[in-house]
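Trainee: I would like to learn how to read a model of this kind with some care. Could we go through it feature by feature, with the general idea ahead of each case?

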Amino acid sequence: MSYIEYVVAAYAVFAAVLAWDFVAPRIRIAQLLRAVRLVASRRAAAAAVVDDTAELSR
Amino acid sequence: MNPVLRWFHQLGSPPVFDRFARRWAPWAFGLGLLTMAVGLYGALFVVPADYQQGDSFRILYIHVPSAWMSLAVFGAMAIYAAIAMVWRIKLCEILAMACAPIGAAFTVVTLATGSIWGRPMWGTWWDWDPRLTTELILLFLYLGVIGLYGAIEDKRTAARAAGLLAIVGVVLLPVIRYSVVWWDSLHQGQTIRVFGESSIDGSMLWPLLWMVVGTKFWFVGSLLARARADNLRREAGKDWVRALVAPSGARA
């Protein structure tokens, strides 16, 4: 008997878990860097607003 | 100072570790994939079918390396946790906690492939056999470490608490290893020996060795990637992380 369907199922589980293990930290790193980039751009925008106010008051 | 020792000390610096992990994780993943590809080719297309189990024995080539990794990763996690606890090395806390999801993944593969293999060979998906039960407890320990680390807000305190669980959990490893010797078990006994002659035929052994090496490389790649993610999360407010996302240095 070949039991090929069991072999396919087992290898599919192995491939799926390894794929998740590969992708999960990459998604996390991308999310973290995106958040840092967003904070940096907001700070830059806030600093620009402060500069405009200073110019107007003179 | 000895250059190797100096390099090791420098690696404890978060930006240095980030550069190291970013550089070497893809190599480790690549080597892991390449090595496992050779092993899987041998396992699926070269090795002959077993005279009793037919093709179902080919599950061995993913089940056994995953089972070994589920134990080895827990051991590595406990060693990192012990070093972090004694010397307060932050990087070792990060590495210990990065081990948990990888070990849990290998344990899930072990339990799932064992169950799939057990159905045609034993006639059941699951049995409360000592080996299967202790491996399931190992999965719960991994989940406990992940849960504890996630539940406490201060990550240094969280890593210490979860690390303690990892260190205590090490007592389970010899129980899993010798469960088939100490108790009557539905699970087969040891057929592959590092020291001494294995009872598996030599023609069936070589893909297993490739898979064992491949999963080790994969673990290194995954450990570096996950540790890098945790390192970035802890250091998110620092200048070196902001420099990473600056237009000239943006890299994921």
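Mentor: Let us begin with helix length, for which the expected span is 1.5 Å times one less than the number of residues. Please keep in mind throughout that this is a predicted model.

Trainee: How many residues does α5(B) have, and what span should they give?

Mentor: Helix α5(B) has 22 residues, which at 1.5 Å a residue should span 32 Å, and because its end C-alpha atoms are 31 Å apart, the two values agree.

Trainee: Which residues of α6(B) are buried, and where do they lie around the axis?

Mentor: For burial one counts C-beta neighbours within 10 Å, and 20 or more make a residue buried. In α6(B) the buried residues are B:Ala159, B:Ala162, B:Gly163, B:Ala166 and B:Gly169. They cover an arc of only 115° around the axis, and therefore they sit on the same side of α6(B). B:Thr157 and B:Val168, on the other side of that helix, are exposed.

Trainee: What do the buried residues of α6(B) pack against?

Mentor: They pack against α3 (60–87), α4 (90–122), α5 (130–151) and α7 (172–182) of chain B. In α5(B), the buried residues include B:Leu132, B:Leu138, B:Leu141 and B:Val145, and also the charged-type names B:Arg131 and B:Glu135. Their cover includes α3, α4, α6 and α7 of chain B.

Trainee: Which residues have the most contacts inside the largest nonpolar core?

Mentor: In soluble globular proteins, nonpolar side chains tend to be buried together. Here the largest nonpolar core has 75 residues, and those with the most contacts inside it are A:Ala10, B:Ile59, B:Met77, B:Leu95, B:Ala96 and B:Cys99. The elements giving two or more residues to this core are α1 (4–57) of chain A together with α2 (14–46), α3, α4, α5, α6, α8 (202–234) and α9 (239–245) of chain B. The largest share, 17 residues, comes from α4(B). B:Ile59, leaving aside its neighbours within four places in sequence, is in contact with A:Tyr6, A:Val7 and A:Ala10, as well as with B:Thr113, B:Ile116 and B:Trp117.

Trainee: How many residues of each chain are in contact with the other?

Mentor: There are 25 residues of chain A in contact with 31 residues of chain B. By class, the side of chain A that touches chain B has 20 nonpolar, 1 polar and 4 charged residues.

Trainee: Is B:Leu186 buried, exposed or partly exposed, and why?

Mentor: B:Leu186 lies in the loop between α7 and α8 of chain B, and it counts as partly exposed because it has 15 C-beta neighbours inside 10 Å. Not counting residues up to four places away in sequence, B:Leu186 touches B:Trp122, B:Asp127 and B:Asp129.

Trainee: What is the overall pattern of chain B, and what confidence does the predictor report?

Mentor: Chain B has 9 helices and 0 strands, and buried residues make up 39% of its 252 residues. Its mean pLDDT is 92, with 98% of its residues reaching 70 or more, and the complex is given an ipTM of 0.91 and a pTM of 0.91. Along the sequence, the pattern reads α-α-α-α-α-α-α-α-α.

Key:
Residues numbered from 1 in each chain as written. Chains lettered and ligands numbered in written order. Predicted model: local features only at pLDDT ≥ 70, side-chain atom pairs only at ≥ 80, totals over all residues. Helix = DSSP H or I, 4+ residues; strand = E, 2+ residues; numbered from the N terminus. Buried ≥ 20, exposed ≤ 12 C-beta atoms within 10 Å, placed from the backbone. Contact = placed C-beta atoms within 7 Å. Arc of directions from axis to C-beta. pLDDT = per-residue confidence, 0-100. Core = buried A, V, L, I, M, F, W, Y, C linked by C-beta atoms within 7 Å.
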